[in-house]
Every structure is written in C-alpha cells, then in structure tokens.
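Hi,

Here is the structure I promised to pass on. Have a look at it first, and then read my notes below.

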Amino acid sequence: MCGIVGYVGNKSALDILLEGLTNLEYRGYDSAGIAVNVDGHVELYKAEGKLQNLKDITFEKKEHISKSTIGIGHIRWATHGAPTTINAHPHSCNCGRVAVVHNGIIENYKELRAKLEKEGCVFRSQTDTETVAHLVAKKFAQTHDLTEAVRLATKEIEGAYALCVIHQDIKNTIVATRRNAPLLVGIGEGEYYVASDVPAIIKYTKKAMYLEDNQIVTLTPDSMKLIDIDNNVISQKIEILPWEPVALSKMGYKHFMLKEIHEQPDVVRNVLAGKLRAIDENISLNEVTLDKESLKTLNRIQIVACGTSLHAAMVGKYIMEELCGIAVDVEPSSEYIYRKTVGDKNTLVIGVSQSGETADTITAVRQAKSRGSHILIVTNRPDSTMAREADSLIPVSAGIEVSVAATKSYTAQVISFYLLAIYIAEIKNSANKENLSNLKRELILLPQKIEKVLSHKEDVQACARRFANSKDFIFIARGINYATALEGALKLKEISYINATGYTAGELKHGPIAMLDESMPVLSILMKGQVYEKILSNSEEAKARNARMIALTDSDDTKINDLFECIIKVPEIIETLSPVLAIVPLQLLAYYIAEFLGKDVDQPRNLAKSVTVE
Ligand code: M6R
C-alpha cells in the first residue's frame with residue numbers, strides 16, 4: 001500500500017516521477033505528491049484524489065518544476081489521517097528543508113510526535129509519516145549528514161517503513177531505507193531510481209538492487225553507498241530484473257483486468273511448462289526442497305493467505321486432501337496470527353500471495369517458521385519479501401498483474417496447487433494412477449478450454465447487462481467449487497460494489513434463503529460431478545422463492561432451461577479441474593457489470609493491490 005518513487009540523475013525528474021507513480025497506482029490512489037529541488041529549494045506539490053489531480057497541478061508549472069534533476073514521489077493509500085492534500089506525502093519539517101515519502105506504518109508515532117512537539121516541532125498533518133520528517137531534520141541539525149540523520153532517525157522508529165528522503169542542503173542526494181516494506185534501487189547511467197516496485201522503473205532500467213531490512217542507501221547521480229543500521233558498509237547485490245516493459249501496457253484492451261483475464265490460457269501453459277512434461281511422467285517440482293521422506297511423513301498442511309489467494313488455497317485444500325490424504329487447514333492470515341496455532345516440523349506451512357508483500361501473510365509464515373515448520377511460498381513475485389522467507393518457493397509465473405482485482409494470478413495459484421498435489425501424491429503413492437493420468441491429460445487441455453470460454457464472452461456480457469442493476473447477488477456451489485462461488489462474489493463486490501456473497505448451496509436453506517425474492521439473482525455453479533444433482537435441487541428451492549436464477553454449467557441437460565433465466569455455458573471438464581474453468585466467466589461477469597455501471601475497474605475505491613499493513 002502506498003507507492004514510492006525517487007530519481008536522481010541528469011534528466012528532469014518530473015516526468016520520471018509522474019510516470020513511476022502512474023505505474024504504481026495499483027498500490028493506492030487516495031492522493032499523491034512529489035518533492036523536487038528547484039534552484040536550491042525543496043518544493044512540494046500535492047493533490048488529493050487520483051494521480052491526475054497532481055498531474056494537472058504540476059502541468060501548470062511544468063517549465064519551472066522540470067528544472068529539477070532530483071525528486072521523490074508518493075501515491076497514497078491512507079492509514080493515518082484522511083486522504084486530504086495536507087496528509088498527502090511528501091511531508092516536511094518546520095524549516096521546509098527536508099522532504100520524506102513513506103510506505104508503511106510508524107507504530108510509535110504518537111510517542112514520537114508528543115516528544116517532538118515538546119521540543120518545538122509544529123505538526124501540520126495527522127499522519128504518522130510527518131514524525132519522520134521532523135526527526136530527520138533534528139538529526140540533521142546535529143550531524144549535517146543526511147545518511148547519518150536518516151540512520152539515527154530509524155533507530156527511534158518502530159513499525160514498518162520504506163522511506164525516501166531529500167534535504168535542501170545536501171544537493172543531488174536521495175537517502176532511502178526500509179524495514180518490512182519493499183524498496184528497490186534501479187541503476188542507470190549516471191542516474192539512480194528508487195521505487196516500491198518494479199513497474200515504476202522498468203521502462204528505464206533492468207539493473208536493480210533490492211534493499212534488505214535496515215539497510216540504508218545513499219544515491220547521487222554517480223554513486224551508490226549501502227550501509228546497515230549500525231553503519232557497516234554492505235556489499236551490493238545487483239541483479240537483472242526479469243520483467244519486460246510491455247507487461248505494463250493494456251495491449252489494446254480497455255482495462256488491465258480484461259487483458260489479464262485473456263492472458264489466462266497462456267498463464268496456464270507457463271505454469272505447467274517444464275513441470276508437467278507428459279502424462280506418463282511424474283510431475284517435476286524441484287522447487288519443493290522438502291525431501292521425499294519428510295513429504296511422506298507430513299501429518300498436516302496449513303495454508304495461510306488473504307482475499308483471492310485464500311480462495312486459491314481453498315481449492316488447494318480440496319485437491320490435496322483428495323489426492324494426498326493429508327489433513328489441510330486453510331486460514332486467513334489475519335486470523336492465524338492472533339491465536340495459538342499448533343504446528344511443528346512435521347507441519348508444512350504454505351503461504352499464498354500474488355504480491356508476496358501482504359503483511360498478514362508475511363507475519364503468519366514468520367510465526368510458523370519460528371515453530372520449525374517448513375515454509376513453502378506460492379507467489380507471483382519471487383523477488384518479494386515473502387519469497388525471501390521461503391524454504392521452498394513456487395513462483396506462479398503469471399507475469400505482472402496490474403489490475404487491483406486479481407484474475408490471472410488466481411488461476412496460476414490454483415494450477416500450482418494441482419501440480420503440488422499431484423507431485424506429493426506421486427511420492428506418497430496416495431492416489432489412483434489412472435485418476436492422476438486423467439487429471440494430467442485434462443490439465444494439458446485446459447488452456448484450449450479457457451480459450452473457448454473467452455471466445456464466448458459476449459454471452460457473459462449479455463447476462464451482465466441483464467443483471468447489472470441488481471443491488472445484491474448470491475453465488476452458490478458445493479464441494480470444490482465453493483471457493484469459486486466465494487471468488488466470483490469477491491470479484492463482483494470489489495469492482496462493482498454490489499453486495500455479493502458466496503454460499504455452499506446446502507447452507508442456503510439454513511438462513512440465506514430468507515433473503516430470496518424476485519429482486520435477488522442467484523448464480524448456481526452447476527458443474528457436472530458428484531454434487532450436480534444436489535445443486536440442481538438447491539437451485540429449484542431458490543427458484544421456488546422467486547429468485548432470478550443464473551446457471552454456470554458444463555452440462556447439456558435441456559431440463560435446466562426452464563429453471564434458469566440465463567445460462568452461461570463452459571466446455572465439459574472433470575469436476576476436479578472445474579474451478580479453473582468456472583472462474584473465468586465469473587471474472588468476466590464482474591468485469592462487464594462494473595463496466596456497465598461505469599466503475600473504475602482497475603482501481604476500485606478503497607482498495608490497493610498490495611496490502612502491506614496488518
Ligand atoms: O498479494 P496477495 O495475494 O497476498 O493479496 C491478497 C489480497 O489482498 C488480494 O487477493 C485481494 O483480495 C485482491 N484485491 C483480490 O482481487
């Protein structure tokens with residue numbers, strides 16, 4: 001949450017900062033700001049609301065601001081203080097010489113603020129970040145050294161932070177540091193970039209250095225110095241980023257979400273590549289470093305995740321229990337971390353996260369690690385904080401996902417769970433060989449089937465048009481597709497703001513059925529398999545209460561035509577794999593409804609793509 005960008009070099013900083021912030025907008029969009037140094041003076045420009053407002057303000061003074069070849073910028077997702085201009089970053093001290101941008105939460109800001117106020121500092125905002133600006137200014141007054149001032153300030157700060165700081169008196173220098181919040185440095189020719197994430201800098205350089213916790217980097221146009229919090233010089237680990245700038249283009253689609261939905265067939269191919277080589281060959285998953293004997297004797301698996309990743313984990317639980325015969329618990333990370341959980345070295349703990357930066361999940365895996373459990377991370381960001389906690393790391397290879405609503409990363413996570421489940425089952429010999437072969441055969445066919453669903457997107461669009469004005473929405477399913485119902489509902493609520501809920505179809509009659517009337521759409525996920533007839537009966541029960549019925553099905557059964565007002569067809573698929581196919585029309589349904597309602601599809605209100613605070 002919140003995005004940081006910084007530039008120091010020989011080019012004008014303004015466009016680089018604004019472009020960087022544009023590519024970090026998925027991290028927050030409540031307000032934005034930049035600090036530059038024009039003619040020896042630090043100047044702040046800030047605006048409430050979308051980044052465009054900042055762009056409008058700076059456009060008016062473009063010629064003046066463009067003189068600066070140094071700058072820091074910020075896009076905010078408010079935690080402390082409302083999303084107003086005054087609370088927007090950068091923040092400054094009373095003399096206005098320091099500018100600070102921050103991602104994270106300063107947990108002891110109240111104590112720090114009280115102390116600083118006693119010492120004469122006058123605060124302008126309600127943010128935790130402003131304490132850092134005053135603190136750095138105080139330390140600078142004592143040391144006249146910006147790196148040292150930041151180092152001393154961070155010794156007093158508790159909490160999570162990625163910080164970028166400039167000072168009027170120290171020309172052409174950015175000091176940046178982090179603790180439990182991501183930050184990387186991009187290395188150019190006679191220039192350096194700092195950013196919360198790769199998209200902000202990938203257009204300019206692929207050469208980068210990730211900062212570790214408590215490291216402090218000092219950047220000038222022609223130097224980079226790295227120290228730790230105890231002032232030891234640290235060797236720099238420079239790497240080449242495996243991203244292409246094209247990942248940040250909409251490629252002709254109206255929204256990133258629609259583009260990312262359409263990428264799913266290739267995402268499935270990528271995830272399977274090299275791991276599922278042939279039906280009669282065992283799955284190859286070298287990423288799992290837990291030895292085969294330990295895998296055989298595992299007595300428990302715990303999966304921790306949030307949001308969409310949690311739903312992927314629920315599919316994972318289902319498939320692993322079915323194929324591997326191991327008890328699997330799935331829990332939202334935010335719950336897992338505040339209770340006494342039982343686990344030891346015979347427990348495999350799996351953290352699932354698109355971003356690899358979700359604070360709750362990072363805390364959960366760290367807790368599990370401290371109990372001696374093997375930590376397996378399933379993430380789309382092998383360069384993330386969570387990935388660094390991993391004993392085993394499965395990168396899901398979905399490519400950069402820009403839209404706040406996760407789509408292709410979900411599919412990639414789910415496919416990774418199928419591979420993992422088959423891998424363990426083959427080691428343990430715990431599943432019927434013919435079933436495993438069949439599953440592999442179907443996995444190979446899956447990308448084509450998703451393509452077929454996408455080629456019929458107009459049918460989903462028509463259904464979306466018909467139901468776009470509904471106030472509420474219910475999704476029902478049973479078994480392995482209960483997670484699909486939850487994920488379909490989450491997609492709809494997060495981008496259209498319609499009150500949508502997923503239920504197990506059997507639970508409907510235990511309470512939710514009371515809500516049904518002619519204004520309530522009920523979408524039944526009616527995939528062929530052992531619970532098909534049961535869901536059909538549950539759908540009849542809903543219809544009998546006048547609910548408006550929609551089916552998502554792979555069945556050709558014409559008997560269902562009278563029951564449903566709208567039928568979304570998908571190709572036939574084995575029940576075990578049906579969640580991967582069933583989710584695609586639900587993503588499209590949410591997309592088209594949000595689009596009909598004129599919502600901001602890629603940047604829904606109140607959300608951010610990486611939730612880096614607990
Ligand atoms: O990066 P993560 O997968 O850890 O993120 C978890 C959730 O914040 C995320 O899935 C969120 O629910 C998305 N907006 C869903 O579309």
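**Aromatic pairs and charges over rings**

There are five aromatic pairs in the structure. In one of them, the ring centres of phenylalanine 467 and phenylalanine 473 are 6.2 Å apart with the planes at 65 degrees, and since an angle over 60 degrees is the cut-off for it, this pair is edge-to-face. Phenylalanine 467 is buried, with a relative accessible area of 0%, and phenylalanine 473 is buried too, at 1%. Keep in mind that this is a predicted model.

Tyrosine 591 and tyrosine 592 also make an edge-to-face pair, with 5.2 Å from centre to centre and 75 degrees between the planes. Tyrosine 591 has a relative accessibility of 1%, so it counts as buried. Tyrosine 592, at 5%, counts as buried as well. Elsewhere, Tyr7, Tyr193 and Tyr204 are linked into a cluster by ring pairs.

Two charged side chains sit over tyrosine rings. Lysine 50 lies over the face of tyrosine 29, 5.2 Å from the ring centre. Arginine 605 has its charged end over the ring of tyrosine 497, at 3.9 Å from the centre.

**Salt bridges**

How many salt bridges does a search of the whole structure find? It finds 37.

Helix α8 covers residues 264–272 and holds both aspartate 266 and arginine 269, which are three residues apart, about one turn of the helix. Their side chains meet in a salt bridge, with 2.8 Å from N to O.

Glutamate 321 counts as partly exposed because its relative accessibility is 33%, and lysine 317 is partly exposed with 29%.

Helix α16 (residues 482–496) has lysine 491 and glutamate 487, also four residues apart and about one turn of the helix. They form a salt bridge whose closest N and O atoms are 2.6 Å apart. Here both lysine 491 and glutamate 487 are buried. There is also a network: Lys115, Lys139 and Glu156 are joined by salt bridges that share partners.

**The overall picture**

The secondary structure comes to 18 helices and 24 strands. The radius of gyration is 26 Å, close to the 25 Å that the globule rule gives for 614 residues, so the protein is as compact as a globular protein of that length. Along the principal axes, the C-alpha atoms fill a box of roughly 80 × 55 × 45 Å.

Of the 614 residues, 61% are buried. Taking the contacts with a separation of 6 or more, 72% are between residues 24 or more positions apart. The accessible surface is about 22,900 Å², and carbon and sulfur atoms account for 48% of that.

Cheers

Note on methods. Residues numbered from 1 in each chain as written. Predicted model: local features only at pLDDT ≥ 70, side-chain atom pairs only at ≥ 80, totals over all residues. Heavy atoms only, no water. Phe/Tyr/Trp six-rings, centres within 6.5 Å; stacked < 30°, edge-to-face > 60°. Buried < 20%, exposed > 50% of the residue type's maximum accessible area, 1.4 Å probe, protein only. Lys NZ or Arg CZ within 6 Å of the ring centre and 35° of its normal. Salt bridge = Lys/Arg side-chain N within 4 Å of Asp/Glu carboxyl O. Helix = DSSP H or I, 4+ residues; strand = E, 2+ residues; numbered from the N terminus. Rg over C-alpha atoms; globule rule 2.2 N^0.38 Å. Contact = heavy atoms within 4.5 Å. Areas by Shrake-Rupley, 256 points an atom, 1.4 Å probe, with all protein chains shown as cover.
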